[in-house]
Amino acid sequence: MITLILMKEMHVPALIILSPRFLTVYCLFPALRDLISVAVGTIFFLAISYLLGKLSRNIGWRKQARLLVKWDGMPSTRFLRHRDTNIDVYTKRRYHKYLQNCVPDLVIPTPEEELVDPAKADLIYESAVKWLLKKARDSETYNLLFHENISYGFARNLWAMKWWGLFVNLLVLLGTVALINKRYHFDLYAIPPEVWLAVTVTVFVMIVLLFFTQSSVHNKAKAYARTLLEVCDEEYDEKLA
């Protein structure tokens, strides 16, 4: 249940960033492995993850505004533009027809009208997207869309916390190396497997964060936009049936 709540609230980025820190403590300090210490540590870990999850989501929303400038708007809005080529013209025509027929008082601009006043056209497309989002709110009926939304939120929030996560895990790695030097004098045969595990997980998380880019977030946003707009075809097929 806790895992589902954290997934739904998009707190997984915080779990990923913090996991090496708690795994390292567990592996390097055997005295802290008794039942009470583990229970208290787990509660503390989940609480910190929850708070950082909220923080990462807020930072993600703020940084999203910067991304939208680079992307020239949300992909769901861009894909509805006549001049955008991400979706073929015939599919886009079906989307436009469905939205114009279903959204009250919505009139899709012509290609010429869009070129004359692109800002006004975007307001119309954004209104259509808002209506579609409201219609597709049921996560059971639109299960794929629900998971694409979570996937995009995860990517955005993890990217937003990237440099903070790298800094924290670099400190963890340096601290681990210092303890290995103090306890085992870098004798590779004397270092226990669980210590190697802690180092490996920390390095792995840092590599994941290092190679997580704005392009990764953009790809997830485009996948979500495509799935959202495909609702138009699903609804149209249901009407024909």
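Helix axes are taken here as lines fitted to C-alpha atoms over the stretch in contact, with angles running from 0 to 180 degrees between N-to-C directions. The structure is a predicted model.

The chain is helical, with 11 helices and zero strands. Of its 241 residues, 41% count as buried. The accessible surface comes to about 14,100 Å². Carbon and sulfur atoms hold 65% of that surface. Among contacts with a separation of 6 or more, 78% join residues 24 or more positions apart.

Two helix pairs were examined. Helix 5 (residues 89–102) packs against helix 7 (residues 118–135) at an angle of about 75 degrees. The axes of helix 5 and helix 7 are 11 Å apart. Angles of 65 to 115 degrees count as roughly perpendicular, and helix 5 and helix 7 are therefore roughly perpendicular to each other. On the helix 5 side, the contacts are made by His-96, Tyr-98, Leu-99 and Cys-102. Their counterparts in helix 7 are Tyr-125, Ala-128, Trp-131, Leu-132 and Lys-135.

Helix 2 (residues 12–28) and helix 8 (residues 143–160) form the other pair, with axes that come within 8 Å and cross at roughly 45 degrees. Val-12, Pro-13, Ile-16 and Ile-17 of helix 2 meet Phe-154, Asn-157 and Leu-158 of helix 8.

Charged pairs were considered next. Side chains of opposite charge can pair when their charged atoms come close. The whole structure contains four salt bridges. One of them joins Glu-114 and Arg-83, at 2.8 Å from N to O. Glu-114 lies in helix 6, and Arg-83 lies in the loop between helix 4 (75–78) and helix 5, so the pair ties together parts that are 31 residues apart in sequence. Glu-114 is buried, with a relative accessible area of 1%. Arg-83, at 39%, is partly exposed.

Another salt bridge pairs Arg-94 with Asp-233, and their closest N and O atoms are 2.8 Å apart. This pair links distant parts of the chain, with Arg-94 in helix 5 and Asp-233 in helix 11, 139 residues apart. Arg-94 is partly exposed, at 38% relative accessibility. Asp-233 is buried, at 17%.

Salt bridges with shared partners join Asp-72, Arg-81 and Asp-122 into one network. Arg-81 counts as buried, at 4% relative accessibility. Asp-72 counts as partly exposed, at 45%.

Helix 6 (residues 111–116) also holds Glu-112. Glu-112 has a relative accessibility of 55%. Exposed means over 50%, so Glu-112 counts as exposed. The C-alpha atoms of Glu-112 and His-82 are separated by 9.2 Å. Along the chain, Glu-112 and His-82 are 30 residues apart.

The surface also carries a nonpolar patch of about 550 Å². Trp-163, Val-203, Ile-207, Leu-210 and Phe-211 make up this patch. Helix 10 (residues 193–210) gives the largest share, three residues. Phe-211 lies in the loop between helix 10 and helix 11 (214–240). Phe-211 is exposed, with a relative accessible area of 63%.

Key
Residues are numbered from 1 along each chain as its sequence is written. This is a predicted model: local features need pLDDT of at least 70, side-chain atom pairs count only at pLDDT 80 or more; totals for chains, interfaces and linings use all residues. Side-chain values use heavy atoms; hydrogens and water are left out. Patches are made of residues with over 30% relative accessible area and no salt bridge: like charges are joined within 9 Å, nonpolar side chains (Val, Leu, Ile, Met, Phe, Trp, Tyr) within 5 Å. Accessible areas come from the Shrake-Rupley method with a 1.4 Å probe; for residues, only the protein chains shown count as cover. A salt bridge is a side-chain nitrogen of Lys or Arg within 4 Å of a carboxyl oxygen of Asp or Glu. Helices (H or I, at least four residues) and strands (E, at least two) are DSSP runs, numbered from the N terminus. Buried means under 20% relative accessible area, exposed over 50%, partly exposed in between (1.4 Å probe, protein chains only). Contact means heavy atoms within 4.5 Å. Angles under 35 degrees count as roughly parallel, over 145 as roughly antiparallel, 65 to 115 as roughly perpendicular and the rest as oblique.
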